[in-house]
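Student: I would like a close look at a single part of this model, followed by one connected account of how that part sits in its surroundings.

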Amino acid sequence: MAAGTPDRTHRAGGREQAAPAGTASRRFARLRTLVFGAPRDVQDPRTHHSISLVAMLAWVGLGADGLSSSAYGPDEAFRALGDHRYLAVALALATATTVLVIAVAYSKIIERFPFGGGGYVVATELLGPRVGVVSGSSLLVDYVLTISVSVASCGDAIFSFLPRGLEAWKLPVEALAIGLLVVLNLRGVKESVTILAPIFGLFLVTHLVLIVGGVGAHLPDVPRVAGEVGHGFRAGLAELGGLGLLAIFVRAYSMGAGTYTGIEAVSNGIQIMREPKVHTAKRTMAYMAVSLAFTAGGILVCYLLFRVAPEEGKTMNAVLLDRFAGGWSLAGVPVGRGFVVVALLAEAALLVVAAQAGFIDGPRVMANMAHDSWLPHRFGQLSDRLTIQDGVLLMGGASLATLLWTRGDILHLVTMYSINVFVTFSLSQLAMLRYWRRTRASGRRRGLAIHGVAFVLCLAILVGTVYEKGAQGGWITILVTSLVVGLCLAIRRHYRSVQANLRRLDDILEVLPPHPPGPHPVLDPKGPTAVLLVGGYGGLGVHALLTIQRTFPGHFRNFVFVSVGVIDAASMKGIEEVDRVRLRTQSALEQYVALAHRLKLAADFRMEIGTEAVSVAEKLCLELAREYPRSVVFAGKLVFQQERWFQRLLHNETAYQLQRRLQLGGLNAMVLPVRVLAPASP
């Protein structure tokens, strides 16, 4: 991306701006740095290393989404068994097996798509853009609900042990938690994950004690429990028949679909991982899969062993912990109550960590979709902290609105939550089945087997979830996702229409003069100088150059072409990609200089790499103004024949922002209109 390309460079709110002199401005700048952190240098290789995550930290930032689902997934599944709790052992085995199968399938996706993107990229590449946008839209809604569900579950866990009468504070506390997560993620992924890592460790320790201790304490009762399970199964079979018993099991299995919702997070977040990224991602996936299978399956077994039943105002996990450790005492000190509180606090805190997956992966999916013009291009831009700032703000705002609309009701949220993720899961597995069916590469049979089993499981859960939860509130998720898909289609249609409209300018390239022999004109620092912001070499930039010539015939003796190689989220894959952006930007500028020489004009270029066009272009223009005192800056701006309110959201205001800044700095700056004509009526 480069400055001067009207349809690809956009405003990124909140970037570091040149503050006017004054104590208030300096204080604001210091406060901003304190809250969000100092800007990072995108061209420093150490920056890419410092913001990437090793497998252990990636497990915290991304794996927490999956592991935290043990707070509500097994709860819903066990409740759905009703009086048929003897099926809990089979349900625990099915849950653990499903987690491992889906995780293995996504490990294969990581190998096939090493730059991340998850379900959106997989479906787009292998099933086509139209299917890809459905998968991507489902993921976006899913990640918004990931944040809302995780934070609401956190509130439920905390208020399970707090005194009655404090429930009125639950929703405000949850809203505050979302706000704090927004600030943490605006600072950067690694900072947010590092701060929350101790919480993740505490959850692992307390729940390991719960599961191992709970199962271990009942080892002498294994024959009795086995007998009860066998007797219950035979009685259920006699009462309901095989199909009836299977229907109850399948319903409970589907109602626990929330258990699997975080598995895809790792494949979406490969870009933030330490090199070698694929190895790190696969190790992270293994950590998450094993920990989730053990925890979710273990909790279901413990529900059965401790004869846990729902209690008003408490989660099932709170009831289980109270039965496991509530009576512990040491020298008369009720240490068991302390353990229960610590374990619930760890669970609540992990749910906040799990919300990180929504803030990490949601904006990255948005960036990939913005790169393909399904969403406004501004969602691909990075802040000076190298975060996808607009995406983080949108995810935070949408999740807060969802939380407030549902009043933090976890049953309502999970009902909405469980559907979308299995749309993406099913499409991803179907896409990989298509890939393995078409390829003759080694491992074809194994690939077909892995993704075939995963597809059947995911589709079965999706159908069961829609059947069970569609009328209970799941229809809202389906409706919202359909609206997002429709919005994406409209946005892409608009971008394609504009690009087709601007292609008429490329006709100029066919009538340009040949390269003249002889020396080129030499720049005169004291002469009138046109500083022209351009993007990639093409009809748009050439049109701007010829417009200046036509508007000011013979006035400007010097032309200096300026471009900013903008590093967006799609380019932020390492220092190698930054180098490619630099070379691409330099090549375009050299072509503009060569064209100016063909027109017998003195010309040069200036460029820089950055994450935001306006501030970097301002810096370059101010430097050129000192070198060429009689300079005028020109920048292009799309002007639509029919103005619409949404055009500012979809297209940049770079030219106007830069003009204002430069004029405040005492420089001359002009905006060159680039007309976008309305299509002719038939």
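Student: How do the residues of the lining of the second largest pocket divide into nonpolar, polar and charged?

Tutor: This is a predicted model, in which local features need pLDDT of at least 70 and side-chain atom pairs count only at pLDDT 80 or more, while totals for chains, interfaces and linings use all residues. Residues are numbered from 1 along each chain as its sequence is written, and side-chain values use heavy atoms, with hydrogens and water left out.

The lining comprises eleven nonpolar, five polar and 15 charged residues, where Ala, Val, Leu, Ile, Met, Phe, Trp, Tyr, Cys and Pro count as nonpolar, Asp, Glu, Lys and Arg as charged, and the others, Gly among them, as polar. The pocket has a volume of about 780 Å³, the space filled by probe spheres set on grid points that are joined across faces, edges and corners. On a 1 Å grid over the protein atoms alone, a pocket is an open set of points where a 1.4 Å probe fits, with protein on both sides within 12 Å along at least five of seven lines, and lining residues have an atom within 4 Å of a point. There are 31 such residues, and those closest to the centre are Asp-156, Thr-315, Asp-409, Ile-410 and Leu-411. At least two lining residues come from each of α4 (73-81), α7 (129-159), α8 (170-187), α10 (222-255), α14 (335-371) and α16 (410-438), helices being DSSP runs of H or I with at least four residues, numbered from the N terminus.

Helix α15 (residues 389-406) has 18 residues and reaches 26 Å from its first C-alpha to its last, close to the expected 26 Å, which is 1.5 Å times one less than its number of residues. Its buried residues include Val-392, Met-395, Ser-399 and Leu-403, buried meaning under 20% relative accessible area with a 1.4 Å probe and protein chains only. Just after α15, Arg-407 takes a positive phi of about 60°.

Thr-259 lies in the loop between α10 and α11 (265-268), and is buried, with a relative accessible area of 2%. Beyond its neighbours within four places in sequence, Thr-259 has contacts (heavy atoms within 4.5 Å) with residues including Gly-73, Pro-74 and Leu-292.

As for confidence, the protein has a mean pLDDT (the predictor's confidence in each residue, from 0 to 100) of 79, and 80% of its residues reach 70 or more. Where pLDDT is low, the predicted coordinates should not be read in detail.

Note on methods
Buried < 20%, exposed > 50% of the residue type's maximum accessible area, 1.4 Å probe, protein only.
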